[in-house]
Amino acid sequence: MSVELVLGVVLVVTMIPTFPSAGPERDALVPLWVSLFVSVILCCVWVAATLVGAICRRGSWVRGSAVTLHILMLAAALGVFQGLIGTPGVGILLLVLAIVGFASAILSGLPARGQAGAASASSS
């Protein structure tokens, strides 16, 4: 989650200079740019909240948030590969982060084999 947060903040910072300031299509591009910018900021807030929850070990909602976040990252990667936005390098990065994050969110809550056996033995 920390990698996603750092990359999201980098995206917000690097997106600021791309504001459409002049040209014939400015009126059409400004609302699109603003909505995309606000969406990126909201995603960064969501990732930060999930990261804080994971650090504080709030497992009741953090896993669901992380799984949802990584499924949406997979969808964004597929959108990049279809040529809607971004470059193939960005798509590959999103795809790798989505798969690794999804797998770690699912596997992080599974008990280790040794711990499961010890827990059942101690309860008997």
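Modeller: Contact means heavy atoms within 4.5 Å. This model is predicted. By that cut-off, residues 24 or more positions apart account for 51% of the contacts in the protein with a separation of 6 or more.

Colleague: What elements does the protein have?

Modeller: The protein has five helices and zero strands. Read from the N terminus, the order is α-α-α-α-α.

Colleague: How much of the protein counts as buried?

Modeller: The share is 24% of the 124 residues. To count as buried, a residue needs under 20% relative accessible area.

Colleague: How do you know how H1 and H2 run relative to each other?

Modeller: Start with the angle. H1 covers residues 2-15 and H2 covers residues 26-55. Their axes cross at roughly 155° and come within 9 Å. Angles over 145 degrees count as roughly antiparallel. H1 and H2 are therefore roughly antiparallel. The crossing is left-handed.

Colleague: Which residues of H1 and H2 meet?

Modeller: From H1 come Ser2, Glu4, Leu5, Gly8, Val9, Leu11, Val12 and Met15. From H2 come Trp33, Leu36, Phe37, Val40, Ile41, Cys44, Val47, Ala48 and Leu51. By class, that contact holds 14 nonpolar, two polar and one charged residues.

Colleague: Why is Leu36 called partly exposed?

Modeller: Leu36 sits in helix H2. Its relative accessibility is 44%. Buried needs under 20%, and exposed needs over 50%. Leu36 therefore counts as partly exposed.

Colleague: How do you know whether the span of H2 agrees or disagrees with its number of residues?

Modeller: H2 has 30 residues. At 1.5 Å a residue, H2 should span 44 Å. The end C-alpha atoms are 43 Å apart, so the two values agree. Just after H2, Arg57 takes a positive phi of about 60°.

Colleague: Which residues of H2 are buried?

Modeller: The buried residues are Val30, Trp33, Phe37, Val40, Cys44, Val47, Thr50, Leu51 and Gly53. H1 and H3 are among what covers them.

Colleague: What spacing makes residues of an α-helix point the same way?

Modeller: Three or four places, because an α-helix has 3.6 residues a turn.

Colleague: How do H2 and H3 pack?

Modeller: H3 covers residues 59-81. The angle between H2 and H3 is about 145°, and their axes are 9 Å apart. H2 passes H3 in a left-handed crossing. H2 brings Trp46, Val47, Ala49, Thr50, Gly53 and Ala54 to the contact, while H3 brings Trp61, Val62, Ser65, Ala66, Thr68, Leu69 and Leu72. The residues divide into nine nonpolar, four polar and no charged.

Colleague: What makes H3 and H4 parallel or antiparallel?

Modeller: The angle again. H4 covers residues 88-107. The axes of H3 and H4 cross at roughly 155° and come within 8 Å. The cut-off is over 145 degrees for roughly antiparallel. H3 and H4 are therefore roughly antiparallel. The crossing is left-handed.

Colleague: Which residues meet between H3 and H4?

Modeller: Those of H3 include Arg63, Ala66, Val67, His70 and Ile71. Those of H4 include Pro88, Val90, Gly91, Ile92 and Leu94. By class, the whole contact has 19 nonpolar, three polar and one charged residues.

Note on methods:
Residues numbered from 1 in each chain as written. Predicted model: local features only at pLDDT ≥ 70, side-chain atom pairs only at ≥ 80, totals over all residues. Heavy atoms only, no water. Axes fitted to C-alpha atoms, helices over the stretch in contact; angles between N-to-C directions. Helix = DSSP H or I, 4+ residues; strand = E, 2+ residues; numbered from the N terminus. Parallel < 35°, antiparallel > 145°, perpendicular 65-115°, else oblique. Left-handed = near helix turned anticlockwise from the far one by under 90°. Nonpolar A, V, L, I, M, F, W, Y, C, P; charged D, E, K, R; others polar. Expected span 1.5 Å × (residues − 1). Buried < 20%, exposed > 50% of the residue type's maximum accessible area, 1.4 Å probe, protein only.
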